[in-house]
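Subject: Structure handover

Hi,

Here is the structure for you to look through. My notes follow below it.

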Amino acid sequence: MFKKVFIALVSFCFVSHFIQAQNSAMGISIGASNYMGDLNTGGRLKKIRPAVSALYRYTVNDYVMLRAGAAFGMVAAADSVSNNPFQKARNLSFRSNIFELSGQIDLHFKKFKIGSEKHYYTPYLTSGLAIFHFQPKARYNDEVYNLREYGTEGQLSDFTGRKKYKLFQPAILLGGGVKYWASGPWSFYLEACFRKTYTDYIDDVSTTYVNQALLADPISRGLSDRSGETGIESIGGADRQRGDSVSKDGYWFTTTGITYTIVSKRCPTSK
């Protein structure tokens, strides 16, 4: 899976250099990121974090644009802000930086032309592929720990059959927005784009609790089951539900950006 996604991204970036484009553009954006998963099943907006990105975009025609991008965002969630009784009792939390490389296609609803007073804006849909890196962390006893290194669901034990999850993962991008030509080479856009991932461990939570005796050390046991910190009896018995392994995690980037258009020449073709 990872090899196929990587090849697709590289191929996109390579082929885009030989497209007969009306113009190309470079841009930057700022905005917000949000995560959905086991610690935020309802898509709450209580832990929104900043996001930034840069893109390189080619115009194929007035209705289609291709682009390659790099993005950075932060995601976080905590059971303590949930209204769900189970999550309140579970009392887990995490935060992670997201680093992403992507290739996308934008499909315009209307004709969009830089410099045109008639076709100066359009709504659009966007989709593509990405590779991203994450590293879930949590604060415990006034220290910050990389959760993956402590095998909180028994990944470090030879008796659970669970392996460490990979920190590089593929994602499918689905979103939309609005583009607006402002003046000269300058355009603006507003976009919301969801990342559907194939991992359930952005938050380090997926399956069930394991027998505490199988965890490596006191730190692992403390990070695995934090329900006792709320003053209630621990809910972290072996094989009891800790997360939902059926639904994968995902994240949003909602950004507003500016692009600078560079008129390009026709690339030479091979004979």
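How many cavities of 30 Å³ or more does the structure hold? There are three. A cavity here is a set of points, on a 1 Å grid over the protein atoms alone, where a 1.4 Å probe fits but cannot get out; lining residues have an atom within 4 Å of a point. Volume is the space filled by probe spheres set on the points, which are joined across faces, edges and corners.

Before the details, some ground rules. This is a predicted model: local features need pLDDT of at least 70, side-chain atom pairs count only at pLDDT 80 or more, and totals for chains, interfaces and linings use all residues. Residues are numbered from 1 along each chain as its sequence is written, and side-chain values use heavy atoms, with hydrogens and water left out.

The largest cavity has about 160 Å³ of space. Its lining has 17 residues; closest to the centre are Ser53, Arg67, Gln104, Glu191 and Arg195. By class, that lining has seven nonpolar, six polar and four charged residues.

The second largest cavity has about 50 Å³. Among its lining residues are Ala138, Leu223 and Arg226.

Now arginine 139. It sits in strand 6 (residues 137-140); strands are DSSP runs of E, at least two residues, numbered from the N terminus. It contacts Val144 and Arg226, leaving aside neighbours within four places in sequence (contact: heavy atoms within 4.5 Å). A polar atom of the arginine 139 side chain lies 3.3 Å from the backbone oxygen of aspartate 142.

Best wishes

Notes. Helix = DSSP H or I, 4+ residues; strand = E, 2+ residues; numbered from the N terminus. Polar contact = N/O pair within 3.5 Å; in protein donor to acceptor, adjacent residues only side chain to side chain. 1 Å grid on protein atoms, 1.4 Å probe; cavity = no way out; pocket = protein on both sides within 12 Å on 5 of 7 lines; lining within 4 Å. Nonpolar A, V, L, I, M, F, W, Y, C, P; charged D, E, K, R; others polar.
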